[in-house]
Amino acid sequence: MYTLKIQKLRNQVARVDNTLEKVNLLTQAIRIADENQDIEWGYDLRLDLISEEIDLTFSTESLPAFAWILQAYDENPELFNEEDFLWQYKWMMSELYDNPAVSREQIEAALRDFEQRLIRNGYGKRAIYNEELSDALAQKDIVAIERALKNVNAMQRDDMSDCEACEMDAGVSATLIQYGYSPAVDKALPLIEGQFTCSHVPLRTAVNLAYEGLKQGDTEQADKMALLAEKEVFKKEKDSAILISAIKLATYFSYTDMGKAKEWIERFLPWADGPNNRSMFQLACYICEAMRNFGPDESFMLELGNQHNLFQGKNSYTASELANHYGKLADQLADRFDQRNGNHNFRNQLMSL
């Protein structure tokens, strides 16, 4: 009986700790459900898959799974509750923004569809504006940031809004870009003091303040933020979603503690085995910056899978090899995102390194 096979796979998912293994098991279960044309199992399993894959730095299965869910609901609204997947829609909007192959027209169409589903389920547009703010922050576009912040603040919070910690962290990032380091430190105090937390806050906040504090010459504050960030990383050392924060912190260490910077790069860079998206652009920029602080012949021992975009059939790479590889990757991604977005925001970030 195929349903028994599906249930056994689901039970295995509950017993394993490795998120990638969970995703693989759920993918097997989905295949069985689809082979037997069981739309209800296919729906539930895909929701499970999306909820698991969100804990990975790079997702590959969630977007097609979510497209299937949308179609299943639209064709069979009597079988499912639309509200069940609205939170996942937020995650999928981020995935669309992350992918340079997705056009602005496709993103706008998805936003309109998401908005319609939110409104007919009694929610406002704050979740939409949260996503627009996130994109503006990724582009470091001051005008877009100000517009998105105004829209976010004009809407009341509801159950589809980002959590308070994430919204406050976004506000800190916006303040860094708009007004500079000192106002951002003041704004971050409730997060740094632990009054508001979520899965990746205050880690993300502390890393950003450590990095910017170093750039502004506030080494005492930067060191405090780096210590807090390091403690937060150790709490989540098996969570690959911390990758970008960990690599940014390694870049910070490349100015303050070369040994630790090398240790962190060797530890975390092998996790960067996903598609070429916004996260990969950020990672490439940080690696290029960090490599400037090492001698060109400095060797890094990296245990890479053959799917890793750096993999060259060896386990030792020099700083110059890393700088060359990730410099080319950042350059290519800057062009792709800027062409998609119709501006020079990613190129400007690359030029400012």
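Axes, in the description that follows, are lines fitted to C-alpha atoms, for helices over the stretch in contact, and angles between them run from 0 to 180 degrees between N-to-C directions. The structure described here is a predicted model.

**Helix H5 and its partners**

Helix H5 spans residues 86-98 and helix H7 spans residues 126-139; their axes come within 10 Å and cross at roughly 30 degrees. Angles under 35 degrees count as roughly parallel, and H5 and H7 are therefore roughly parallel to each other. The crossing in which H5 passes H7 is right-handed. On the H5 side, the contact is made by Lys90, Met93, Ser94 and Tyr97, while H7 contributes Ala127, Asn130, Glu131, Glu132 and Asp135. By class, the residues of this contact of H5 with H7 comprise 3 nonpolar, 2 polar and 4 charged.

H5 also packs with helix H6 (residues 104-120), at an angle of about 170 degrees and with the axes 10 Å apart. Angles over 145 degrees count as roughly antiparallel, so H5 and H6 are roughly antiparallel to each other. From H5, the residues that make this contact are Leu86, Tyr89, Lys90, Met93, Leu96 and Tyr97; from H6, they are Arg104, Ile107, Ala110, Leu111, Asp113, Phe114, Arg117 and Leu118. The contact of H5 with H6 has 10 nonpolar and 4 charged residues, and no polar ones.

**Helices H2 and H3**

Helix H3 (residues 39-53) packs with H2 at an angle of about 165 degrees, and the two axes are 9 Å apart. That angle makes H2 roughly antiparallel to H3. H2 passes H3 in a left-handed crossing. Among the residues of H2 in this contact are Thr19, Lys22, Val23, Leu26 and Ile30, and those of H3 include Trp41, Leu45, Arg46, Leu49 and Glu52. The contact of H2 with H3 divides into 8 nonpolar, 3 polar and 6 charged residues.

The loop between H2 and H3 holds Gln37. Although Gln37 is not a glycine, its phi is positive, at about 55 degrees.

| Helix pair | Angle | Axes |
|---|---|---|
| H5 and H7 | roughly 30 degrees | within 10 Å |
| H5 and H6 | about 170 degrees | 10 Å apart |
| H2 and H3 | about 165 degrees | 9 Å apart |

**The second largest pocket**

The volume of the second largest pocket is about 650 Å³. The pocket is lined by 23 residues, and the closest to its centre are Asn18, Leu20, Leu56, Ser240 and Asp273. Helix H2 (residues 19-35) supplies the largest share of this lining, with 5 residues. The lining of the second largest pocket consists of 7 nonpolar, 9 polar and 7 charged residues.

**A cis peptide bond**

Most residues other than glycine have a negative phi, and most peptide bonds are trans. The peptide bond from Val201 to Pro202, however, is cis, with omega near 25 degrees. Pro202 is located in the loop between helix H10 (181-192) and helix H11 (203-215).

Notes. Residues numbered from 1 in each chain as written. Predicted model: local features only at pLDDT ≥ 70, side-chain atom pairs only at ≥ 80, totals over all residues. Heavy atoms only, no water. Helix = DSSP H or I, 4+ residues; strand = E, 2+ residues; numbered from the N terminus. Parallel < 35°, antiparallel > 145°, perpendicular 65-115°, else oblique. Left-handed = near helix turned anticlockwise from the far one by under 90°. Contact = heavy atoms within 4.5 Å. Nonpolar A, V, L, I, M, F, W, Y, C, P; charged D, E, K, R; others polar. 1 Å grid on protein atoms, 1.4 Å probe; cavity = no way out; pocket = protein on both sides within 12 Å on 5 of 7 lines; lining within 4 Å. Points joined across faces, edges and corners; volume = space filled by probe spheres on them.
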